[in-house]
Amino acid sequence: MAVYELLGLDPSRSRLTVRTAAGLSPFLGRARELAQLQEFATLAAAGRGQVVTVLGEAGLGKSRLLEESKPLLRTLGFLLIEGEGFAYGKTRAHAPLIDMLKRYCGIAEHDPVASYHEKLQRMLTGMHASMATFAPLFLDLLGVAPEDPALATMPGEAKLQQIFAGIKRLIAFQCQRQPVAFLIEDLHWLDPHSLGFLRNLATSLETLPVLILSSSRPGYEMPWEEQAHVHLVHLEPLPPEVSTTLFSALTGALPSEAALAASICQRSGGNPLFLEELVHALHETGALTDAPHPQPSPLSPPEWRSEE
C-alpha cells in the first residue's frame, strides 16, 4: 500500500496552471478571438478602458485564451492582476477581491498578521501617501481584526463602500504608473458583492488605462450594462478541420489512422478539452502507445505585483 504525506498547499491555483506543468496542447483555431482581445487591450492601454468577457461552454478554451493573451498584455505594458471564481465561491463574500489584493501586495496565504500589516502598508504608502488611510479598511477585508473601535462598529454596507472607494483610488494611482489588466476566470461563480464591485468599476474606467478581461459560461447574467466599451467574445466549437489538426498534433496520427481521427473528432464535438481527454483515454488503453504527448508550454508565470 502506498502511503503519502501532505506537505502543504500547491501554489497552482487554476486548472490550466496544473495542466501546464504536464504540457499544453497546441493553441489552434482561436486566432480571430486572440486578435479581438489584442484590439481591445490596445484601446485600454491608450487610456480608453475596456471590459471584455470571453463567453463559452466548458472545455472550449476560455482559460487558455486568457492565458495566451498574457504575453500580448505584457508587451503593451500592463500590470496583470489575476482572480478567479470557484464553484463554492458564491458563499464566500469578496473572495476574488481578497485574493487579488493579497497577490497585489505580495501577501502569502500563511503569512503572520504582522506581515499583512507590513506588506500592505509598504504597498499603499509606496503608491501614494494618502492611501495609508485605507490600510485599516483593507486589513479588515483581508480578515485581520480592526484595531480601531469605530471601524469595528461601522455598519457593514458603509464599510464596504469605503473599501470599494479605496480600491478604486488605488487602481487610479496604479494607472498613473502603468496600465492595469484584471484577468478574472469563471465570472459566473463570483459572489454578489464581488460582482457589484466589478459592475461599479466598469462604469468608471472609460478614461483610465484599465482592462477587465473575464471568462464566463453562457446562461448567466453579466454584471455589466451594455455600453460602447463593454464587449463579448464568443467561443464556438472548433471546426472539423481544426479538430483534425489538433488530433494529429496530439497523436502524431498516420494516414492509416484517418478513420480513427474522424471518429474521435466527431465525438469531441469541436470541444478541445474533450478531444484531449479522448486522446488520453486512447493512450491509457494502449491504442496510441507510440504517439507523442503535448510538450510543456513556455508560458510565463502570472504577474500580480506592481513594478518598483
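## Helices H10 and H12

The axes of helix H10 (residues 240-251) and H12 come within 11 Å of each other and cross at roughly 35°, where an axis is a line fitted to C-alpha atoms, for helices over the stretch in contact, and angles run from 0 to 180 degrees between N-to-C directions. H10 passes H12 in a right-handed crossing, a crossing being right-handed if the near helix is turned clockwise from the far one by less than a right angle, and left-handed if anticlockwise. The contact, meaning heavy atoms within 4.5 Å, is made by Ser243, Leu246, Phe247, Leu250 and Thr251 of H10 together with Pro272, Leu275, Glu276, Val279, Leu282 and His283 of H12. These residues divide into seven nonpolar, three polar and one charged, with Ala, Val, Leu, Ile, Met, Phe, Trp, Tyr, Cys and Pro counted as nonpolar, Asp, Glu, Lys and Arg as charged, and the others, Gly among them, as polar.

## Basis of the model

This is a predicted model, in which local features need pLDDT of at least 70 and side-chain atom pairs count only at pLDDT 80 or more, whereas totals for chains, interfaces and linings use all residues. Residues are numbered from 1 along each chain as its sequence is written, and side-chain values use heavy atoms, with hydrogens and water left out.

## The chain as a whole

The protein chain has twelve helices and five strands, which are DSSP runs numbered from the N terminus, helices being H or I with at least four residues and strands E with at least two. Of its 308 residues, 49% count as buried, that is, under 20% relative accessible area, while exposed means over 50% and partly exposed lies in between (1.4 Å probe, protein chains only).

The accessible surface of the chain comes to about 15700 Å², of which 57% belongs to carbon and sulfur atoms; such areas come from the Shrake-Rupley method with a 1.4 Å probe, and for residues only the protein chains shown count as cover. Among contacts in the chain with a separation of 6 or more, residues 24 or more positions apart account for 78%.

## Helices H11 and H12

H12 (residues 272-285) also meets helix H11 (residues 258-268), their axes coming within 8 Å and crossing at roughly 135°. That angle makes H11 oblique to H12, since angles under 35 degrees count as roughly parallel, over 145 as roughly antiparallel, 65 to 115 as roughly perpendicular and the rest as oblique. H11 passes H12 in a right-handed crossing, and the contact is made by Leu260, Ile264, Arg267 and Ser268 of H11 with Phe274, Leu275, Leu278 and Leu282 of H12. By class, six of these residues are nonpolar, one is polar and one is charged.

## Helices H8 and H9

The axes of helix H8 (residues 156-175) and H9 come within 11 Å and cross at roughly 45°, and the two helices are therefore oblique to each other. H8 passes H9 in a right-handed crossing, with Leu160, Phe164, Ile167, Lys168 and Ile171 of H8 in contact with His193, Phe197, Asn200 and Leu201 of H9. This contact has six nonpolar, two polar and one charged residues.

## Two loop residues

Asp186 lies in the loop between strand E3 (180-185) and helix H9 (192-202), where it is buried, with a relative accessible area of 5%. Phi of Asp186 is near 60°, a positive value in a residue other than glycine.

Glu225, found in the loop between strand E4 (210-216) and strand E5 (230-234), is exposed, with a relative accessible area of 55%. The C-alpha atoms of Glu225 and Ala202 are separated by 8.8 Å, with the two residues 23 apart along the chain.
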